[in-house]
Amino acid sequence: MAVKSQSAIVIGAGIAGLATAALLGREGYRVTVVEKLDAVGGRAGEETVEGFRFDTGPSWYLMPDAFDHFFSLFGKRTEDLLDLVPLSPAYRLFPEHQSPIDVESGPKVFELFESIEPGAGAALRSYLKSAGIAYDLAVERFLYTNFDSVRGFVDKQLLTRAGDLAKFLTVPLERFVAHRFQDTRLRQMLTYPAVFLSSHPARTPSLYHLMSHTDLVQGVQYPQGGFAVVVDALYQLAVENGVQFRLGEEVAAITSEGRRATGIQLLGGERLRADITVSCADLHHTETRLLPKAKQTYRESYFAPRDPGLGTVLVMLGVEGALPQLEHHNLLFSQDWSQDFDAVFDAPAPTRPLGASRSIYVSKPSATDPSTAPAGHENLFVLVPVAASETLGHGDMYRKTASPAVELIAQAAIDQIAQWCEIPDLQSRIVVKRTLGPSDFAERYHAWSGGSIGPAHTLRQSAFLRGSNKSKKLDNLFYAGATTVPGVGVPMCLISAENVLSRLR
């Protein structure tokens, strides 16, 4: 265990920052977390508006084993910290021009696939068996690792899987699924998780079909109270382990002497010294704004050809009356969603104007958690994937008005939900409406290019090709969070924190 005299500064109090700080505190470091916002949580935020409590970030609780493992490091059980409710169905699918489909986790999903496409039930069993193998492979070899040794990748056990691994890495997810299933709806059920990876199904390695193991086998759960309770659990772990927080203070620079990071300088000029520094801020911001060129491991030229992932317009709605048409999780998919992805990953396309319908996600947490809305009302969280571009502007959550583009996209989403989900009076029942756009992510979280999740998980941006969680120029500067290894999402952020501790040890 580290001696008590060692100190650490953690930049950012998002999921990764809280997790890293808690682990370092448990290890014996004197930890100070510096956060530019006035609250912890980062992108896993929460806002209360006129009695409606909106999560403004993650809303799918997947990979429960990652949470269980992290909490166990502190001698805790997840069930003692979180009240998890299994969701049934896992989600409701609204295919364009077709009837809604309820998708259940577990054995019922085989019956569903078979009812839609003869032979698809058996094909899905094979697919999910493969997804389970890929999941185990990822957990064992690609997630809890810093890629600082080849030993874990040349042993006999892995070599016996070399053929599968080569296929998983070189065949895109879209093609991997299309080879096995013909019905568009089935294909979409198995490839939509690419969005969770901030990626395009045609550019996502099929290794990530492991995501279907998380929602269709492990199942989808919801923490009562939303992801704010996950944030609070991490915050309490940090506090219990002696972590100090400085909220509402922005880091202007990471200071250094030779090959040593000496700490940080705040925007007001104050300097804080530490033995190690861990930046959980956006990697692009850390490297290109907080470090001088001579100390940058990843310069602007490194980021220029890379994919920042997807941007989002978030629409938070408080609606009067019940909405039985919707489940907790709802997915509205265009029949030809290739144009949707082109608009997100290949700059806005003229064939998909801002005000057009597109594939979107709608969460109704009030279906499971009545505390998210006043009595007699529903809470809706709508995520519209858009290009990661600050030019689309901002929403009105933190400003008086939204930019025209964000407002147009938000209104189109409301109209689409009303039409596709058969809620013709939806617009007239909205009593609260707030939005967020790419500029909000750039301003609040220094998100590269206004991206909302993190860099896409393409082949060039996965595993050891995603970069390192340690600076090459400063021996005691480390990185954690969705913009570094192992990747995007709350479970990955927890794992990234443990990987930093692994490096220190």
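Biologist: Why is E46 called partly exposed?

Modeller: The relative accessible area of E46 is 33%, and since buried means under 20%, exposed over 50% and partly exposed in between (1.4 Å probe, protein chains only), E46 counts as partly exposed. Please keep in mind that this is a predicted model, in which local features need pLDDT of at least 70 and side-chain atom pairs count only at pLDDT 80 or more, while totals for chains, interfaces and linings use all residues. Residues are numbered from 1 along each chain as its sequence is written, and side-chain values use heavy atoms, with hydrogens and water left out.

Biologist: How do you know that E46 forms a salt bridge with R53?

Modeller: The closest N and O atoms of E46 and R53 are 3.1 Å apart, and the term asks for a side-chain nitrogen of Lys or Arg within 4 Å of a carboxyl oxygen of Asp or Glu, so the pair qualifies. R53, with a relative accessible area of 17%, is buried, whereas E46 is partly exposed.

Biologist: Which other pairs meet in a salt bridge?

Modeller: Among the 18 salt bridges that a search of the whole structure finds, one joins the side chains of R77 and D80 at 3.0 Å, N to O, and R77 is partly exposed at a relative accessible area of 47%. Another joins the side chains of R429 and D425 at 3.3 Å, N to O; here R429 is buried, with a relative accessible area of 14%, while D425, at 35%, counts as partly exposed. Salt bridges that share partners also join E46, R53 and D369 into one network.

Biologist: Where do the bounds of the domains come from, and which residues belong to each?

Modeller: The bounds come from an automatic or database domain assignment, which gives domain 1 (7-44 + 63-80 + 225-305 + 456-504), domain 2 (106-217) and domain 3 (308-445). The C-alpha centres of domain 1 and domain 2 lie 29 Å apart, and their contact takes 20 residues from domain 1 and 18 residues from domain 2.

Biologist: What is counted between domain 1 and domain 2?

Modeller: Between domain 1 and domain 2 there are zero salt bridges, but there are 10 residue pairs in polar contact, with both residues at pLDDT 80 or more. On the side of domain 1 that touches domain 2, α2 (64-72) and α18 (490-504) each supply at least two residues, and α18 gives the largest share, six residues.

Biologist: What makes D183 buried, and where does D183 lie?

Modeller: D183 has a relative accessibility of 17%, which is under the limit for the word, so D183 counts as buried. D183 lies in the loop between α8 (173-178) and α9 (184-191), and a polar atom of its side chain lies 2.8 Å from the backbone nitrogen of R185. Apart from residues up to four places away in sequence, D183 touches I116 and E117.

Biologist: Why is helix α10 called mostly covered?

Modeller: Six of the eight residues of α10 (residues 211-218) are buried, namely M211, S212, H213, T214, D215 and L216. These buried residues pack against β6 (91-95), β7 (101-103), α4 (108-116), α5 and α9, and α10 is followed by G219, whose phi is positive, near 95°.

Conventions
Contact means heavy atoms within 4.5 Å. A polar contact is a pair of N or O atoms within 3.5 Å; within protein, one must be able to donate a hydrogen and the other to accept it, and residues adjacent in sequence count only if both atoms are side-chain atoms. Helices (H or I, at least four residues) and strands (E, at least two) are DSSP runs, numbered from the N terminus.
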